[in-house]
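Subject: Handover of a protein structure

Dear colleague,

Please find the structure below, followed by an account of what was found in it. I would be grateful if you kept the model open while reading.

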Amino acid sequence: MEKNPRLTELNLSDNIIGGSGAAALVKAMERNPILTELNLSDNIIGDSGAAALAEAMEKNPSLTELNLSDNNIGDLSAAALAEAMEKNPRLTELNLSHNIIRDSSAAALAEAMEKNPRLTELNLSHNIIHDSDAAALAKAMERNPRLTELNLSHNIIGESGAAALAEVMEKNPRLTELNLSDNIIGESGAAALAKAMEKNPMLTWVDLSCNKISGSGAAALAKAVERNPTLTKVNLSRNNIGDSGAAALAKAMERNPRLTRVLLY
């Protein structure tokens with residue numbers, strides 16, 4: 001990498017490079033000023049490797065896509081990555097799924113989102129994000145109008161976190177894909193998101209599977225499906241919507257000709 005100044009994409013996913021291997025790559029990244037895409041997912045780089053990469057991000061202004069999913073990244077290194085995001089204005093896609101991100105590190109990432117105007121895709125699925133963290137991310141979304149894809153599936157987001165995200169969805173017209181599957185948003189969370197879906201003219205795909213949503217939540221979402229002219233895919237599987245919820249969704253499907261896929265099983 002140091003001797004090849006034209007390398008723009010590097011994928012080393014599913015190896016065992018560890019923290020020391022990541023540190024060696026960092027040194028090379030500092031001397032390669034045009035690397036734009038880096039995938040180190042599933043590599044056990046841990047906190048030390050992530051911290052080293054954060055330092056490299058600050059010195060490599062060309063990086064636009066970074067995938068560090070499934071790497072045992074905890075609070076300290078996530079905070080370091082957040083700080084690096086603030087100093088790298090070109091980052092557009094960040095994947096930190098399947099790590100150990102929670103509380104203060106999620107808040108730090110939210111703050112970094114506010115200061116990085118180019119971020120369009122954020123994946124924090126399979127972490128330990130609670131309602132307060134979701135609220136911090138929602139606040140950041142208000143100040144980052146370019147975010148189009150948000151994945152917070154498999155976390156611990158409840159009704160208040162869903163409500164905070166719903167409020168910002170109304171104010172962020174660019175969001176096209178939202179994945180909140182495998183959380184605990186319940187009826188009121190589903191109702192809040194349904195209201196937001198009606199007022200978001202760009203949303204095309206939403207996944208709320210496995211969220212303790214029953215009949216009334218499904219009915220509210222059905223109205224949103226009916227009134228949102230851009231929505232094409234909806235996943236409400238592994239909930240408890242019952243006959244009344246299914247009937248309301250069936251009626252909505254009749255009135256929304258753009259729908260191509262609805263999952264209820």
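The model is predicted, so local features need pLDDT of at least 70 and side-chain atom pairs count only at pLDDT 80 or more, while totals for chains, interfaces and linings use all residues. Residues are numbered from 1 along each chain as its sequence is written, and side-chain values use heavy atoms, with hydrogens and water left out.

Leu147 counts as buried because its relative accessible area is 0%. Here, buried means under 20% relative accessible area, exposed over 50%, and partly exposed in between (1.4 Å probe, protein chains only). Leaving aside residues up to four places away in sequence, Leu147 touches Met113, Leu119, Thr120, Glu121, Leu122, Met141, Asn172, Arg174 and Leu175; a contact means heavy atoms within 4.5 Å. The C-alpha atoms of Leu147 and Thr92 are 8.8 Å apart, although 55 residues separate the two along the chain.

Helix 6 comprises residues 159-171, which is 13 residues. From its first C-alpha to its last, helix 6 reaches 19 Å, close to the 18 Å expected at 1.5 Å a residue; the expected span is 1.5 Å times one less than the number of residues. Its buried residues include Gly161, Ala162, Ala164, Leu165, Ala166, Val168 and Met169. As a general point, an α-helix has 3.6 residues a turn, so residues three or four places apart point the same way. The cover over the buried residues of helix 6 includes helix 5 (131-142), strand 6 (149-151), strand 7 (177-179) and helix 7 (186-198).

Met169 belongs to this helix and is buried, because its relative accessibility is 2%. Not counting residues up to four places away in sequence, Met169 touches Leu175, Leu178, Leu193, Ala196, Met197, Asn200 and Leu203.

**Two loop residues with positive phi**

Asp14 is not a glycine, yet it has a positive phi of about 60°. Asp14 sits in the loop between strand 1 (9-11) and helix 1 (18-30) and counts as exposed, because its relative accessibility is 54%. Ile44, also not a glycine, has a positive phi of about 55°. Ile44 is placed in the loop between strand 2 (37-39) and helix 2 (46-59); at 49% relative accessibility, Ile44 counts as partly exposed.

**Helix 9**

Ala246 is part of helix 9 (residues 242-255) and is partly exposed, with a relative accessible area of 29%. The C-alpha atoms of Ala246 and Leu264 are 8.0 Å apart, and the two residues are 18 apart along the chain.

**The protein as a whole**

The protein contains nine helices and ten strands. Of its 265 residues, 50% count as buried. Among contacts between residues at least 6 apart in sequence, 88% join residues at least 24 apart. The C-alpha atoms fill a box of roughly 65 × 30 × 30 Å along the principal axes.

Yours sincerely

Terms used
Helix = DSSP H or I, 4+ residues; strand = E, 2+ residues; numbered from the N terminus.
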